[in-house]
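Dear colleague,

I am passing on the structure we discussed. Please look it over; my notes come after it.

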Amino acid sequence: ATQLQDRGLITSALFFKVYVKLSDSVLQAGTFELEQGMSLRTIVRTLGYAKATEIHVTIPEGYTLKQIGAVIVEAMPEIETADWESMVSAEGRRVLTEDEILMGIPADQGLEGYLFPDTYRFRSDATSAIVAETMLLTLKRRLAENGIAIPRNLIFEGGLTLHEIITLASMVEREVRTPEDMKLVAGIFYTRMKIGMALQADSTVNYVTGKNATAVSLEDSRVDSPYNTYQNLGLPPGPISNPGMNAILAVLEP
């Protein structure tokens, strides 16, 4: 009532409060657009139907769950870091709608790799579950738009599972930027796996150390982790980032 009077939308805060009480009107919190000259009845009616504001969030290709979480928490007033981390964890993801794209994720892993990088519009009151599920379903839709059907056995031509394809694409995404380079790097990784050579991807070491170096030190290359592809043959246990469509296509067509 005080704000409306101060802005010249009503003449009396007291009369406004009396009117609201006598008319049994219910006011809601939210963002409203009111104009000079509106009747008291119209103002009260408008304040009874809050419109949720939309928030635009852009997630760049190659962001990790932690980086995505930082963007989401900063933009979304209803989501806290603990909420996000719980939602995208191995335990938290089980509350999401059961979907074929989730079936191939190992039981001990969360949603790393499966939240598609894009620009999204969310209601300001969206929960972490709504945000995560929207991004997950966007990955499924973008795969379909590019003619990529998820096989029933989750194994693609060439013998890789969906999880392995997403994992390899997440590495390619963090190694190079252009679609052409992505195809070349994907081909190099395939060749190394075929001949039994370690992938030696700096991106996987950086995922362990938290660094963003273009080349890793000898000490870092010896870090003890299943994600260290200098020390372990084959792919790491899971994705190290959330890849975009160019990286996924590069892995499917190296």
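This is a predicted model: local features need pLDDT of at least 70, side-chain atom pairs count only at pLDDT 80 or more; totals for chains, interfaces and linings use all residues.

Residues are numbered from 1 along each chain as its sequence is written, and side-chain values use heavy atoms, with hydrogens and water left out.

Helix packing

Helices (H or I, at least four residues) and strands (E, at least two) are DSSP runs numbered from the N terminus. The axes of helix 7 (residues 162–175) and helix 10 (residues 245–252) come within 8 Å and cross at roughly 120°; axes are lines fitted to C-alpha atoms, for helices over the stretch in contact, with angles from 0 to 180 degrees between N-to-C directions. On the helix 7 side, Ile165, Ile166, Leu168, Ala169, Val172 and Glu173 meet Ala247, Ile248, Val251 and Leu252 of helix 10, where contact means heavy atoms within 4.5 Å. By class, this contact has nine nonpolar, no polar and one charged residues (Ala, Val, Leu, Ile, Met, Phe, Trp, Tyr, Cys and Pro count as nonpolar, Asp, Glu, Lys and Arg as charged, the others, Gly among them, as polar).

Met245, Ala247, Ile248, Ala250 and Val251 of helix 10 are buried. Buried means under 20% relative accessible area, exposed over 50%, and partly exposed in between (1.4 Å probe, protein chains only). The cover over these residues includes helix 6, helix 7 and helix 8 (179–194).

Two buried residues

Leu102 lies in the loop between helix 5 (81–87) and strand 2 (119–123). Its relative accessible area is 7%, so Leu102 is buried. Leaving aside residues up to four places away in sequence, Leu102 touches Arg93, Leu96, Thr97, Leu111 and Leu136.

Glu133, in helix 6 (residues 128–145), is buried yet has no salt bridge; Lys140, the nearest side chain of opposite charge, is 9.5 Å away. Here Lys and Arg count as positive and Asp and Glu as negative, with His and the chain ends not counted.

Salt bridges

The structure holds eight salt bridges, each a side-chain nitrogen of Lys or Arg within 4 Å of a carboxyl oxygen of Asp or Glu. Arg121 pairs with Glu54, the closest N and O atoms being 3.6 Å apart. This pair links distant parts of the chain, Arg121 in strand 2 and Glu54 in strand 1 (residues 54–58), 67 residues apart. Arg121 is exposed at 57% relative accessibility.

Regards
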